[in-house]
Protein chains: 2
Amino acid sequence: MGGEWAANPFDHIQPSFKKIILMFSFHLKKAAGPAGPRLGEIHTARGVVETPLFMPVATYGTVKTLTPEEVAELGAGIILSNVYHLYLRPGVELIRSLGGLHRFMNWPGPILTDSGGYQVFSLAPFRTLSEEGVLFRSHLNGDQHFLTPEKVVELQEALGVDIMMCLDECPPFPCPEQDARRAMDLTLRWAQRSKEAWSNRGQALFAIVQGGMMPQWRREQAQALRELDFPGYALGGLSVGEDKETTLEMVAATAPELPEDKPRYLMGIGTPEDLVEGVARGMDMFDCVLPTRNARNGMAFTDTGRVVIKNAGYARDPGPLSPDCRCYACRHYSRAYLRHLFISREILAYRLLTLHNLYYYFELMARMRQALAAGCFADFHRDFYAKRDQGGNLSG
Amino acid sequence: MGGEWAANPFDHIQPSFKKIILMFSFHLKKAAGPAGPRLGEIHTARGVVETPLFMPVATYGTVKTLTPEEVAELGAGIILSNVYHLYLRPGVELIRSLGGLHRFMNWPGPILTDSGGYQVFSLAPFRTLSEEGVLFRSHLNGDQHFLTPEKVVELQEALGVDIMMCLDECPPFPCPEQDARRAMDLTLRWAQRSKEAWSNRGQALFAIVQGGMMPQWRREQAQALRELDFPGYALGGLSVGEDKETTLEMVAATAPELPEDKPRYLMGIGTPEDLVEGVARGMDMFDCVLPTRNARNGMAFTDTGRVVIKNAGYARDPGPLSPDCRCYACRHYSRAYLRHLFISREILAYRLLTLHNLYYYFELMARMRQALAAGCFADFHRDFYAKRDQGGNLSG
């Protein structure tokens, strides 16, 4: 397995190279105005990644069903993990004592960790918010924990990740206007405290823009966070229940207020269409559980629509999941076999569908970067929707 | 993935080569008497495999959690599937219409299918046995089916497998003597009918020796089946609840009565110790769900004993599952990480433990073949138990 993978995954990082790129940096290579699609590069101590990019989700230190070699081979340059989940299980101190998250999970490339703001507010069965931080119970065993912005930076520094996120308050949707306003103001004060707690400049720290579904507040918070000068900016609190039009309106309102020379990360979003629309509005980084979670639910993404593999119509189908796809699953297995595996609850079904879906996502990002490099993003955008319209609903 | 794997897995089989080895054959290279350890080679249209060998179990057309490339890379030459399971789901006619089992599951090497005798008698919630065959209900949906020896050969021929097993009656343990006798006699008559139904000599057909726990009956049936001249012989109805001593007594009683120039397959057995003792008594082929099933239950095989990965003692253990093991899991992951994955119910845990356990089984078989080739099997046998005695119970 993985003959080209170094026996020690850290061998390929030369000490001299490490020194040169110890500081995180972003290089904008091409941009269509302050809020149009952009092409760039993020440099980290663990490698260079091209933007726009998609980060597969490795919540518990594994991109579900796959080995790190498979994730890299599919085209992932950077992966996302979550400090809330790792803090509760197996514990950040344990991971640090074993050499940090990269060594623990055998992933030598860059890692971004989410701060857990979203998880505390969506998963914890009990929580009390104060100016100081958030008191909550573990969704795993009910144990009580107290997290502050400073503690969350400290935990991410202990994990040794390449990009850290500030702790934010992520309000539910819908929520009263004053709650969204309070969350946004607290998130700003916490961002300032996070920056003050940040000690290792080799690990980048990104701020998160909140502001509910109010374009004016989003603009206002982007401006305020911009003053604090972070290495990168994220848009949080979106795709929490609002309609797509509203999500994109918030993105469009925020983008022009962010510095052009810093990466912009649209958190937790989304579908292939969302990625295309996010890129069109100047976003550089994306993550979402959809390609991996849907794979485990038997759903495959294709250019012409979604394939629900358990459908009876595929029982004797000798064709691949997607006719033009060159992924491992499509090169070697029929829909009939994949359906059989899925119905038999065989783990290989989840692996093959995950490989396919991530391949599709990385291909999509690569096609967008190619279009941006060639200056024909508008053509790409038109073709993308034309194919989908032709496809109809494959699974109907 | 799998750069050395042909895009079309059947490409490596040259038509001329196919012609030459169309007939199944066994070549005994070395044997310590009629019932002592043996070294040999099985030639099939889909490749040559060395004996003694272990067949990983691919009940539903997948070695659970792994791709065929991984299974091959681990060292499997031949895998085992099951006509009873495939007949019920997804159906043999469906697999045949898609090009046969090899193409369906993307495994270009030899496949042996068990006939389903054991499954009919252990899984089906209702069954009626007659001279003609067995009427039973599916354990999946209760549908009624009737299988005869002829039908089971026909199904295996339709799957296109390389080695087929005769339908047998596998009595429970313990059972009244007259039941064991009746099962044995019926199994013999069914073997004769199976041979008469067998139409494609490119697919080998093995007979199964029953006879309960009576050495004399085992000998008697081996002699009777030998008269019928099958390409290979299996020992069935063992490891069904009897003690180890009895199992090995039955093996020792049967082996001398089987032809030396035909492979001997000890069905469904077993632990590493069982493989060593089976080889010591002249058995050539083995299969068992233990390495794969125990992996999914968090148990790893090592030279010095078993590792139960969920044990709290491994929570911060930076070492590999097994210190001297060169498998992918042991080269890249700590016990601490594997324990974390297992406790988090991550699919990667099942994959990595399966990779390790099968690696261990194939290594064990390779070491036995090396010892047999070098004429030092007795030394191997002594060392094997010495290491285990040193190890104690790792998981205690």
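Colleague: Which residues in helix 15 of chain B meet helix 16 of chain B?
Modeller: On the helix 15 side of chain B they are Tyr360(B), Leu364(B), Arg367(B), Met368(B), Ala371(B) and Leu372(B). They meet Phe377(B), Phe380(B), Phe384(B), Lys387(B) and Arg388(B) in helix 16 of chain B. Contact here means heavy atoms within 4.5 Å. Helices (H or I, at least four residues) and strands (E, at least two) are DSSP runs, numbered from the N terminus.

Colleague: And what classes are those residues?
Modeller: That contact of helix 15 with helix 16 of chain B has eight nonpolar, no polar and three charged residues. Ala, Val, Leu, Ile, Met, Phe, Trp, Tyr, Cys and Pro count as nonpolar, Asp, Glu, Lys and Arg as charged, and the others, Gly among them, as polar.

Colleague: Before we go on, what sort of model is this, and how is it numbered?
Modeller: It's a predicted model: local features need pLDDT of at least 70, side-chain atom pairs count only at pLDDT 80 or more, and totals for chains, interfaces and linings use all residues. Residues are numbered from 1 along each chain as its sequence is written, chains are lettered from A and ligands numbered from 1 in the order in which they are written, and side-chain values use heavy atoms, with hydrogens and water left out.

Colleague: OK, back to those two helices. At what angle do helix 15 and helix 16 of chain B pack?
Modeller: About 145°, with their axes 8 Å apart. Axes are lines fitted to C-alpha atoms, for helices over the stretch in contact, and angles run from 0 to 180 degrees between N-to-C directions.

Colleague: What does Asp303(B) touch?
Modeller: Not counting residues up to four places away in sequence, Asp303(B) touches Tyr360(B), Arg367(B), Lys387(B) and Arg388(B). Asp303(B) is found in the loop between strand 15 (299–302) and strand 16 (305–308) of chain B.

Colleague: Which side chains make polar contacts with the side chain of Asp303(B)?
Modeller: Arg367(B) is one, at 3.0 Å, and Lys387(B) is another, at 3.4 Å. A polar contact is a pair of N or O atoms within 3.5 Å; within protein, one must be able to donate a hydrogen and the other to accept it, and residues adjacent in sequence count only if both atoms are side-chain atoms.

Colleague: New topic: how many residues of chain A are in contact with chain B?
Modeller: 44 residues of chain A are in contact with 44 residues of chain B. The area buried between the two chains is about 3800 Å², and carbon and sulfur atoms give 57% of that. Buried area is the accessible area (1.4 Å probe) that two parts lose on being put together, summed over both.

Colleague: How many salt bridges are there between chain A and chain B?
Modeller: Four. In one of them, the side chains of Glu346(A) and Lys64(B) meet at 2.6 Å, N to O. A salt bridge is a side-chain nitrogen of Lys or Arg within 4 Å of a carboxyl oxygen of Asp or Glu.

Colleague: Why do they pair up at all?
Modeller: Side chains of opposite charge can pair when their charged atoms come close. Over all chains, the structure holds 46 salt bridges. Take Arg351(A) and Glu70(A), whose side chains meet in one at 2.8 Å, N to O. That pair links distant parts of the chain, with Arg351(A) in helix 15 and Glu70(A) in helix 2 of chain A, 281 residues apart.
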